[in-house]
Amino acid sequence: MTSGKFLFLIPPTGNYRRDERCQSDVEAQTAVVVLPPVDLALYAAIVRQAGYEAAILDCAAEQLNVLDAIHFITSSAPDILFLPITWPTEKDDFTFVGELREQWQGQVWIKGGRAFHDPQQLMND
């Protein structure tokens, strides 16, 4: 791929911390603070430095629902969608990807949850 457009996405499946170490429900914490997706910003910077286009959409921070997110993705037409999943939101994350695939056929890259810990079982499921 000599050109390409990446979208780094916090999916619309719950307001969770989505880094590897801490996958907690933000709403259940004493202080509700939505942290910026620093890891996704780092990945986007690397992709841009390599000559690709990159954008970030944080559906939790933007308070976007599934339909809003799908509309954004289909209108911006990235070649690759990268999203972090969590153990607590895994089912909803994959349901979201399934709904998205009905309207958009780009590549989906995931990280976190079973994608990191047990990728073979995830593919079998």
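Trainee: Which residues does Ile73 touch?

Mentor: Not counting residues up to four places away in sequence, Ile73 touches Leu7, Leu9, Pro78, Leu81, Phe96, Leu100 and Trp104. Contact here means heavy atoms within 4.5 Å. Please note that this is a predicted model, in which local features need pLDDT of at least 70 and side-chain atom pairs count only at pLDDT 80 or more, while totals for chains, interfaces and linings use all residues. Residues are numbered from 1 along each chain as its sequence is written, and side-chain values use heavy atoms, with hydrogens and water left out.

Trainee: Which residues touch the most other members of the largest nonpolar core?

Mentor: They are Leu9, Ile73, Leu81, Leu83, Phe96 and Leu100, in a core of 14 residues. A nonpolar core is a set of buried Ala, Val, Leu, Ile, Met, Phe, Trp, Tyr and Cys residues joined through side-chain atoms within 4.5 Å. Buried means under 20% relative accessible area, exposed over 50%, and partly exposed in between (1.4 Å probe, protein chains only).

Trainee: How many helices and strands does the chain have?

Mentor: There are six helices and four strands, and from the N terminus on the elements run β-α-β-α-α-β-α-β-α-α. Of the 125 residues of the chain, 40% count as buried.

Trainee: Now the sheet: what is the order of its strands?

Mentor: The sheet is open, with its four strands in the order S2-S1-S3-S4 and parallel pairing. Strands S2 (53-58) and S4 (107-111) are the edges, each pairing on one side only. Two strands pair if DSSP finds at least two bridges between them. The twist averages 20° from one strand to the next.

Trainee: How many bridges join S1 to S2?

Mentor: Six bridges join S1 (residues 5-10) to S2, and Leu7 stands opposite Ala55 in S2.

Trainee: Which strands does helix H1 lie across?

Mentor: H1 (residues 38-49) lies across S1, S2, S3 (80-84) and S4, and runs at about 165° to S2. Helix H4 (residues 90-101) also packs on the sheet, touching S1, S3 and S4, and its direction makes about 170° with that of S4. Axes are lines fitted to C-alpha atoms, for helices over the stretch in contact, and angles run from 0 to 180 degrees between N-to-C directions.

Trainee: Which residues of H1 are buried?

Mentor: They are Leu40, Ala44 and Val47. Seen down the axis of H1, these fall within an arc of 60° (taken from the directions from the helix axis to the C-beta atoms), so they line one face of the helix. The buried residues of H1 pack against S1, S2 and S3. The face turned away from the buried side carries the exposed residues Val38, Leu42 and Gln49.

How values were computed: Helices (H or I, at least four residues) and strands (E, at least two) are DSSP runs, numbered from the N terminus.
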